Amino acid sequence: MAEQNSCVRVTRSMAKKRAVEAMTAEHIQQRKKRVALSEINELTSADLNRDLKPPNSKSTRANRKTINEKGTAKAAEDGVDSKSDDAQMGGAYASDIYAYLRQLEAQERRRPLDDYLEKVQSDVSANMRGILVDWLVEVVEEYRLLPETLYLSVNYIDRFLSVSHVSRHKLQLLGVSAMLIASKYEEISPPHVDDFCYITDNTFNKKEVVKMEQDVLKSLKFELGTPTIRSFLRKFISIAQDDWKAHKLQLESLVYYLAELSLLDYYCVRFLPCLVAASVIFLSRFTLKPNIHPWNQELQHCTGYKSSDLKECVSILHDLQLSRRGGSLVALRDKYKQPRFKSVSALLSPQNIPDSYF
């Protein structure tokens with residue numbers, strides 16, 4: 001009996017030792033995958049691919065599931081619009097809600113400056129901003145955050161950079177602090193401050209993140225709720241899909257891809273979110289059916305924009321789609337190559353959009 005108990009103790013000891021070794025090995029592997037953007041310079045494509053590795057940590061903290069993904073996918077597939085019974089769309093109040101969002105998006109206190117990099121910043125460039133936003137796309141994927149969190153984060157970043165000078169070494173700190181605020185606003189269970197320190201490979205400590213969070217909140221005057229591109233897309237997609245039943249899911253994925261792609265480009269900051277959303281619909285329909293005019297009277301009535309109003313924004317989005325702009329930023333493109341998004345980033349529209357479409 002004593003010998004048997006001794007064997008049990010040895011077996012348990014070995015099992016515990018192996019478990020500790022496995023946890024240690026996993027921790028070491030995780031540390032290799034954290035990302036520090038302590039030096040954001042004018043990088044080449046090769047530099048980007050080397051330095052911006054996806055944070056694919058399998059830690060428990062990174063496996064947060066804040067929403068029922070199946071439920072969200074089902075709601076998206078249903079193509080709910082203002083004419084449906086979906087309570088979230090507020091069918092009976094859809095027109096009033098849309099008018100209110102249009103009013104809010106134009107308010108100066110909710111808008112960044114069109115040229116803040118030229119007027120306010122001296123150590124941050126458009127390319128650096130693009131690198132940061134592309135990395136934040138990976139952070140959203142890593143922590144399974146809502147798309148709305150990404151849009152709000154970018155809005156907070158642009159608005160803060162419009163009024164406060166930031167050095168390139170603090171740009172990543174601004175990014176994670178803005179995402180921390182957006183997560184608290186949008187998520188049911190937002191990541192903790194420690195998570196955002198961890199994802200930067202502890203380049204910044206908890207005290208620094210909290211201090212930047214305070215600075216951003218004061219700068220924004222706690223005006224956190226603001227319409228984003230995504231605020232308008234659900235309504236627009238519903239209208240755009242009416243005569244495109246065969247391409248329903250593909251069109252939806254393409255719309256969301258192009259909308260997120262617009263976040264990478266500093267020159268899209270000048271456009272109101274509603275106009276960008278309308279331009280995204282235009283280019284998505286053109287990509288899938290280039291021989292058919294992508295705009296119609298119903299879309300014009302719904303969005304309030306004629307096709308001629310969209311020309312400049314569509315041109316920028318088209319260049320982004322064809323990698324003529326921001327081609328070295330790959331995280332978002334890789335995300336939408338996945339089958340769950342119908343591999344829409346692999347779709348390319350014709351090189352030129354006919355002038356007659358505008």
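The stops below run from the whole chain to single residues.

**The whole chain**

Start with everything selected. This is a predicted model. The chain has 16 helices and zero strands. Of its 358 residues, 49% count as buried. Now think about contacts with a separation of 6 or more: residues 24 or more positions apart account for 81% of them.

**Confidence**

Color by pLDDT. The chain averages 78, and 74% of the residues score at least 70. Select residues 1-12: here the pLDDT is below 50, and the stretch has zero contacts in the model beyond near neighbours in sequence. Next, select residues 22-33. The pLDDT stays under 50 there too, but the model has ten contacts for this stretch beyond four places in sequence. Where pLDDT is low, the predicted coordinates should not be read in detail.

**α8 and Ala-178**

Move to helix α8, residues 171-186, and pick out Ala-178 in that helix. Is Ala-178 buried or exposed? Its relative accessibility is 0%, so Ala-178 counts as buried. Show what surrounds Ala-178. Leaving out residues up to four places away in sequence, Ala-178 touches Ser-153, Tyr-156 and Ile-157. Then draw a distance from Ala-178 to Asp-158. They lie 20 residues apart in sequence and 10.0 Å apart in space, C-alpha to C-alpha.

**α11 with α13**

Select helix α11 (residues 229-240) and helix α13 (residues 273-288). The two pack at an angle of about 40°, and their axes are 8 Å apart. Their crossing is right-handed. Show side chains at the contact. From α11 come Ile-229, Phe-232, Leu-233, Phe-236, Ile-237 and Ala-240. The α13 side includes Pro-273, Cys-274, Val-276, Ile-281 and Arg-285. Sorted by class, the contact of α11 with α13 has 13 nonpolar residues, no polar ones and one charged.

**α11 with α12**

The crossing of α11 past α12 is right-handed. On α11, the contact is made by Ile-229, Arg-230, Leu-233, Ile-237 and Ala-240. On α12, look for Leu-251, Glu-252, Val-255, Tyr-256, Ala-259, Ser-262 and Leu-263. By class, the contact of α11 with α12 has nine nonpolar, one polar and two charged residues.

**α12 with α15**

Leu-254, Leu-258, Leu-261 and Ser-262 of α12 meet Leu-317, Leu-320 and Gln-321 of α15. Classed by type, the contact of α12 with α15 has five nonpolar, two polar and no charged residues.

**Last stop: α15 itself**

Stay on α15 and show the rest of the chain as a surface. Eight of the eleven residues of α15 are buried, so this helix is largely enclosed by the rest of the structure. Select the buried ones: Cys-313, Val-314, Ile-316, Leu-317, His-318, Asp-319, Leu-320 and Gln-321. What do the buried residues of α15 pack against? They pack against α12, α13 and α16 (331-335). Finish just after α15, at Ser-323, which takes a positive phi of about 65°.

How values were computed:
Residues numbered from 1 in each chain as written. Predicted model: local features only at pLDDT ≥ 70, side-chain atom pairs only at ≥ 80, totals over all residues. Heavy atoms only, no water. Axes fitted to C-alpha atoms, helices over the stretch in contact; angles between N-to-C directions. Helix = DSSP H or I, 4+ residues; strand = E, 2+ residues; numbered from the N terminus. Left-handed = near helix turned anticlockwise from the far one by under 90°. Contact = heavy atoms within 4.5 Å. Nonpolar A, V, L, I, M, F, W, Y, C, P; charged D, E, K, R; others polar. pLDDT = per-residue confidence, 0-100. Buried < 20%, exposed > 50% of the residue type's maximum accessible area, 1.4 Å probe, protein only.
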